[in-house]
Amino acid sequence: MSQLEIQDLKINLGDKPIVKGLTLTIRPGEVHAIMGPNGTGKSTLAKAIVGHHSYQIIGGEVFFDGKSVLKMEVDERARAGLFLAFQYPSEIPGVSIANFLRAAVQARMAEGEELDATGYYKRLYSKMDLLKIDHKFTSRSVNEGFSGGEKKRCEILQMAMLEPKYAFMDETDSGLDIDALRIVAGGVNALRARANAPAPGILLITHYQRLLNYIVPDFVHVMYDGRIVKSGDKSLALELEAKGYGWMKNELAIV
Ligand code: ADP
Ligand code: MG
């Protein structure tokens with residue numbers, strides 16, 4: 001299966017350079033964690049790759065299945081198998097979770113193919129059970145009046161239903177207590193361990209090492225000022241937790 005290749009990507013917000021030449025390859029089944037201080041461009045990277053309209057790509061490429069992701073429309077990117085769990089999920093008043101997910105699942109099916117309602121609900125409820133989301137949530141509007149933790153679980157419910165090939169999870173752990181964190185991680189790990197499909201590649205954006213105890217990364221990258229400045233294995237996350245991010249400025253000044 002195909003890898004996701006981010007090559008020397010440069011992203012502006014208006015005139016302001018945010019991502020300043022970032023290269024990263026994620027292979028199927030791999031978990032990459034990106035850590036770094038606030039404002040370094042982590043969310044910008046994830047949002048721009050899935051096609052958020054606010055950002056301008058001013059250089060570089062992203063390849064998936066040998067095709068340029070950047071040339072695809074946003075819905076094409078989603079149907080190709082890219083998925084973003086937002087740091088700040090939007091509320092969609094008037095659209096129930098059941099209808100929202102049903103439309104999203106239907107949109108991924110071939111033309112003329114109809115979603116079987118019974119099978120769909122069975123799958124939805126089993127994923128909700130896995131994520132310990134009350135079935136009553138099915139008829140609630142997407143994220144409306146949800147707590148921070150409920151919104152994050154709803155993002156992972158979408159991920160579980162859509163079964164992406166590559167998922168970006170943007171601070172999915174923030175606002176979760178330890179029990180919710182375990183449940184969310186369990187949902188993600190279940191998706192990785194499916195018997196009937198290859199495991200997705202995952203890019204985990206996080207501030208904290210604790211999520212990485214539950215979703216163990218193959219690689220950890222430190223992002224600073226729009227670039228990856230250091231990469232390593234999971235021990236790098238522990239080092240960051242111990243040292244904080246302040247040292248980076250000094251270390252980078254020496255390089
Ligand atoms: P991170 O996720 O690493 O905290 P972001 O990608 O959210 O960083 O932000 C990178 C920079 O871009 C920051 O300086 C932030 O203030 C700015 N930025 C991001 N999105 C917006 C926006 N919609 N409007 C204004 N500034 C933004
Ligand atoms: Mg962010």
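This is a predicted model: local features need pLDDT of at least 70, side-chain atom pairs count only at pLDDT 80 or more; totals for chains, interfaces and linings use all residues.
How many aromatic pairs does a search of the whole structure find? Residues are numbered from 1 along each chain as its sequence is written, chains are lettered from A and ligands numbered from 1 in the order in which they are written, and side-chain values use heavy atoms, with hydrogens and water left out.

The search finds four aromatic pairs. Rings of Phe, Tyr and Trp (its six-membered ring) pair if their centres lie within 6.5 Å, and the pair is stacked with planes under 30 degrees apart, edge-to-face over 60, and tilted for the rest. Helices here are DSSP runs of H or I with at least four residues, strands are runs of E with at least two, and both are numbered from the N terminus. As a general point, an α-helix has 3.6 residues a turn, so residues three or four places apart point the same way.

For accessibility, buried means under 20% relative accessible area, exposed means over 50%, and partly exposed lies in between, with a 1.4 Å probe and protein chains only. Tyr121 is partly exposed at 25%, and Tyr125 is partly exposed at 29%. Together with Tyr120, these two residues form one aromatic cluster.

Next, Phe137 and Phe146. Their ring centres are 5.0 Å apart and their planes stand at 70°, so this pair is edge-to-face. Both Phe137 and Phe146 are buried. Arg140 lies over the face of Phe137, 4.6 Å from the ring centre; the criterion is that NZ of Lys or CZ of Arg is within 6 Å of the ring centre and within 35 degrees of the ring normal.

I turn to the metal. Which residues coordinate the magnesium ion, ligand 2? They are Ser43, through OG, and Gln87, through OE1, at 2.1 to 2.2 Å. Ser43 is in helix α1, residues 42-50, whereas Gln87 is in the loop between β6 (82-85) and β7 (92-96), so that distant parts of the chain, 44 residues apart, are linked. Donors are N, O and S atoms within 2.8 Å of the metal (3.2 Å for Na, K and Ca), and as water is not among the atoms, sites may look incomplete.

Helix α1 itself is mostly covered, with eight of its nine residues buried. Among them are Lys42, Ser43 and Thr44. Gly51 follows α1 and has a positive phi, near 110°. In the loop between β3 and α1 we find Gly39, which is exposed, with a relative accessible area of 80%.

Now the sheets. An open sheet of six strands has the order β6-β9-β10-β3-β11-β12, with mixed pairing; two strands pair if DSSP finds at least two bridges between them. Its edge strands are β6 and β12 (227-232), each pairing on one side only. From one strand to the next, the twist averages 20°. Helix α1 packs on this sheet, touching β3, β6, β9, β10 and β11, and its direction makes about 145° with that of β6. Contact means heavy atoms within 4.5 Å; axes are lines fitted to C-alpha atoms, for helices over the stretch in contact, and angles run from 0 to 180 degrees between N-to-C directions. Helix α5, residues 148-162, lies across β6, β9 and β10, at about 165° to β6.

Strand β11, residues 219-224, is joined to β12 by five bridges, and the two run antiparallel. Ile228 in β12 is the bridge partner of Met223. His221 is also in β11, and at 5% relative accessibility this histidine counts as buried. Beyond its neighbours within four places in sequence, His221 has contacts including Leu24, His32 and Ile228.

Four strands form another open sheet, in the order β2-β1-β4-β5, with antiparallel pairing. At the edges stand β2 (16-26) and β5 (67-68); each has a single partner strand, so one side of each is left without a neighbour in the sheet. Strand β1, residues 4-13, pairs with β2 over eight bridges. Helix α1 packs on this sheet as well, touching β1, β2 and β4, with its direction at about 110° to that of β1.
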